[in-house]
Amino acid sequence: PVAEEIPEEAEAVGTSKLANVKPPIANFGDVIGSFSGGELIKNPTTGSWQTHNGTDLSAEVGTEVYAVSNGEITEVTKDSIWGVTVVLDHHNGYVTRYCGLSDSLSVQQGDMLVSGDLIGTVGDTADIESALAPHLHIEMLHNGSYIDPMAELKK
């Protein structure tokens, strides 16, 4: 039998489609809470077993937070659990959520950002992770499913 050619789209599966990826904070190498990938872990604040759908990056309150890639701010909320949260839709199946920000933001819903634009600063507004040292909780979704943010940010 003759082998069929694999379409270019299929070869690209698993590769990042985020353009010009930049770190969300300066010196973001210190991870104090890893993405659990669906595995249950014990939350040090609540004592409950749950998934950790993001990554916690050590950062002092007031540390500037940046757009990891181009996109549109589609949501700005003050969530009772995750605190001040900003959602950046990259319009390619990828979405980034920044949680636990301070109340003073540099963006609002509808803003178009380019990679490296200032979003706001790290705050202490995420009650669900208040037992942890100051940090940025960042989540990424691809086509509606949580993915490890560090896998994308280190590319």
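What share of the 155 residues of the protein chain counts as buried? In this predicted model, 38% of the residues of the chain count as buried, where buried means a relative accessible area under 20%, exposed means over 50%, and partly exposed lies in between, with a 1.4 Å probe and protein chains only. Because the model is predicted, local features need pLDDT of at least 70 and side-chain atom pairs count only at pLDDT 80 or more, while totals for chains, interfaces and linings use all residues. Residues are numbered from 1 along each chain as its sequence is written, and side-chain values use heavy atoms, with hydrogens and water left out.

The protein chain holds two helices and twelve strands, these elements being DSSP runs (H or I of at least four residues for helices, E of at least two for strands) numbered from the N terminus. Read from the N terminus, their order is α-β-β-β-β-β-β-β-β-β-β-β-β-α. When contacts (heavy atoms within 4.5 Å) between residues at least 6 apart in sequence are considered, 65% of them join residues at least 24 apart.

Strand β7, which spans residues 83–89, is mostly covered, since six of its seven residues are buried. Strand β6 (residues 71–79) pairs with β7 in the antiparallel sense over seven bridges, pairing being assigned if DSSP finds at least two bridges between two strands. Within this pair, I73 has L88 of β7 as its bridge partner, and the two strands form a hairpin with three residues between them. Strand β8 (residues 94–101) also runs antiparallel to β7, to which it is joined by six bridges, and V86 stands opposite Y98 in β8. The hairpin of β7 and β8 has four residues between the strands, and H91 in its turn shows a positive phi of about 55 degrees.

When neighbours within four places in sequence are set aside, the contacts of I119 include V65, V86, Y98, L101 and L113.

On a 1 Å grid over the protein atoms alone, a pocket is an open set of points where a 1.4 Å probe fits, with protein on both sides within 12 Å along at least five of seven lines, and lining residues have an atom within 4 Å of a point; the points are joined across faces, edges and corners, and the volume is the space filled by probe spheres set on them. The lining consists of 15 residues, and G123, D124, E129, P134 and H135 lie nearest the centre of the pocket. Strand β11 gives the most to this lining, with three residues.

Most residues other than glycine have a negative phi. N20, however, has a positive phi of about 50 degrees although it is not a glycine, and is found in the loop between α1 (8–11) and β1 (31–33). N143 likewise has a positive phi, near 50 degrees, and lies in the loop between β11 (135–142) and β12 (145–147). N20 counts as exposed because its relative accessibility is 56%, and N143 counts as exposed at 59%.
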